[in-house]
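Subject: Structure handover, with notes on salt bridges

Hello,

Here is the structure I promised to pass on. Please open it first, then read my notes below it.

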Amino acid sequence: MLSRRAAIKGLLLTGAGSATGTVAYGVAYARHQIGVTHASLRVSGLPAALDGLRLGLVTDLHHSAMVPAADIKTAVDLVMAQRPDLIVLGGDYVTFGDRAFVGPVAELLGLLHAPHGVFAILGNHDDERHVPEALTRHGITVLRDTRTRLGIRGEALELAGVRFWTRRPNEIARVLRGATGTTLLLAHDPRRLTEAAALSVPAVLSGHTHGGQVVLPGIDRAARRRFPVLQGLGSKNNTSIFVSRGVGTVYVPIRINCPPEVAILTLISRNVGLPDAIHPTAPR
């Protein structure tokens, strides 16, 4: 099966005609045009008091030589301008665990704050020691196969965060055990939708896919086969999911037809008779 990495590199090697211009635009301009996506996330059993709660989701920053601090700062500023009730960070803060960028990205993310806190999980590019230590030093709560219970508007909201490598249903069930309020599963990989649906988790927040990063006919087909949802809203049984395209890039510094984003998710009852909606705003 053609991997995302091979597909993106294959595109860059085409190097002729209109492809050259498309690649040049994706490298020089499109990958830096971070926008804000507003979406309504349906949550089964959501108490009326939590209806309308707004979550900021920032993921896949990949701060590196390819993804400058200016892009991270833009993402932070965009989220803060929206004043969400709480903020979730979805993993992959650096690329390949590069420690040179761990401290700088944590410092920039430390500028985030929200009334009900800032919470983070780890992605497959994050190590188990230096990244969580750096985030914690800047006031961010890191959930590594753990759960936290928030009291909001007189109701309980449970955030359960799993590591990228936590995949087995019994492992995820262990993290969820004892949850009494409305539960959101924070999982870097959207393939955890399968386990979440089997465990009757109301909603999942994910990243990892970069939305495909390069979206052209045939190029993103392999990625769409691998993941239940490549970007945006989806569902399985009574479990909803939102998959963010993320902020940074990986393997090669390019985005085509797949702009970077931060997301503002509004929780709504699954019984509300409104269509699912995603509303992007202009990038910066």
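Arg147 is partly exposed, at 28% relative accessibility. Partly exposed sits between two cut-offs: buried is under 20% relative accessible area and exposed is over 50%, with a 1.4 Å probe and protein chains only. Bear in mind that this is a predicted model, where local features need pLDDT of at least 70, side-chain atom pairs count only at pLDDT 80 or more, and totals for chains, interfaces and linings use all residues. Residues are numbered from 1 along each chain as its sequence is written, and side-chain values use heavy atoms, with hydrogens and water left out.

Which residue does Arg147 meet in a salt bridge? The partner is Glu158, at 2.8 Å from N to O. A salt bridge here is a side-chain nitrogen of Lys or Arg within 4 Å of a carboxyl oxygen of Asp or Glu. Side chains of opposite charge can pair when their charged atoms come close.

Now look at where the two sit. Glu158 lies in strand β7 (residues 155-162) and Arg147 in strand β6, so the pair ties together parts that are eleven residues apart in sequence. Helices (H or I, at least four residues) and strands (E, at least two) are DSSP runs, numbered from the N terminus.

Is Glu158 buried or exposed? Glu158 is buried, with a relative accessible area of 1%. Glu158 also forms a salt bridge with Arg149, at 3.5 Å from N to O. Arg149 is exposed, at 55% relative accessible area.

Next, a second group. Salt bridges with shared partners join Glu128, Arg144, Asp145 and Arg163 into one network. Within it, the side chains of Glu128 and Arg144 meet at 3.8 Å, N to O. This pair links distant parts of the chain, 16 residues apart. Glu128 is in the loop between β4 (118-120) and α5 (130-137). Arg144 is in the loop between β5 (141-142) and β6 (146-152). Glu128 is partly exposed at 37%. Arg144 is partly exposed too, at 36%.

How many salt bridges are there by this rule? The count is twelve.

Last, the whole chain. It has eight helices and 13 strands. Of its 284 residues, 54% are buried. Take the contacts (heavy atoms within 4.5 Å) with a separation of 6 or more: residues 24 or more positions apart account for 76% of them.

Best wishes
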